[in-house]
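Here is a short report on part of a protein chain. Look at the strands and how they pair.

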Amino acid sequence: MRTDIKLAAVALAVGFAAPVASAQAQQIIAPMVNSSSYQANYSAWDGFYLGAQGSLIGMKSHEASPVLPGPEQLLGDIGGSAGIFAGYRYQLNDWFVLGVDAELNNVATQFEFSGKNYGALKWDAAVRATLGYPVANNVLAYATVGYSWGRFDLSPGYKSDDAVFTAGGIQLGLGVDMMVTENIMARLNATWTHYGVNDVINGGTSEPSNAVVRAGLAWKF
C-alpha cells in the first residue's frame, strides 16, 4: 500500500514539473522578441551645434570700369578668414540627414592685379540648407546650397570711398563632419560663391566670386 502511495506521489510531481521544465527550455532556446527589440537609433546627428572655424579663400573679381586701366580686369588673391558657425540637424533615417547651417567670418584677403591692391572682401556671412549621408556611425558626408553676403571695399582700385558695397549670391558646397566624441564635432568643407554683377561708380561693374576651404571644431548640444 505504501509503495502505491509513493509511486502516485512521484507521478504527480513529475506531471507538475514537466510543463515548467519545458517552458524554461523554450525560453533558453528561443527567447521572446517584442516590437522594441530591433529599433534603430537615429539620434547620432540630431540637435544643435556651435563652433569656430578657419578658412583659406581664393578670390577673383571680373571688373569692367573706365576708371581701371584697360576695359576689363580679372583680379585675384588668396587669403584667409576666421569666424563662427552654427546649425541644426535632424536625421530622418539611416540614409538622410537634413539640416540648416549658418556662418559669419572676418576676412583677410584682397584683390590684386599686377602687384597692386584693388580692394578687399572685409566680411562674409551665409545661410545654407544641408543634405547629408552617414558614411559611418560618426562620419557624415553632405552637400549644401545656400546664399552668402559679402562686404566689398574696392576704394583703392577705384580711387573713391563710394566703391564700397554689400553683395549677395548663391553658394554651393560639399563637406564632411566627424563626431570625435559624443559632443565634439570636427568639420572640413568647401564652397563656391558667386556674388553677381554689381554696379559701382562711374558706370563700372564688379562681379566677384570665391572658393573657400574651411576647417573647424564645434560643440554638439
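Start in strand E4. Here tryptophan 123 is the bridge partner of asparagine 106. The model is predicted, and the values below are computed from it.

E3 covers residues 97-113. E4 covers residues 116-136. E3 and E4 run antiparallel to each other, with 15 bridges. Their hairpin has two residues between the strands. Serine 114, in this hairpin, has a positive phi near 55°.

## E2 on E3

E3 also pairs with E2. This pairing is antiparallel too, over 13 bridges. One of the residues involved is glycine 87, whose bridge partner in E3 is aspartate 101.

## Glycine 79

Strand E2 spans residues 73-91, and glycine 79 is part of it. Is glycine 79 buried or exposed? Its relative accessible area is 12%. Buried means under 20%, so glycine 79 counts as buried.

Which residues does glycine 79 contact, beyond its neighbours within four places in sequence? They are Ser55, Leu56, Ile57, Ala108 and Thr109. Of these contacts of glycine 79, Ala108 and Thr109 fall within the residue range of E3, 97-113.

Methionine 59 is 20 residues from glycine 79 along the chain. The C-alpha atoms of methionine 59 and glycine 79 are 7.8 Å apart.

Key
Residues numbered from 1 in each chain as written. Predicted model: local features only at pLDDT ≥ 70, side-chain atom pairs only at ≥ 80, totals over all residues. Heavy atoms only, no water. Helix = DSSP H or I, 4+ residues; strand = E, 2+ residues; numbered from the N terminus. Buried < 20%, exposed > 50% of the residue type's maximum accessible area, 1.4 Å probe, protein only. Contact = heavy atoms within 4.5 Å. Pairing = 2+ DSSP bridges.
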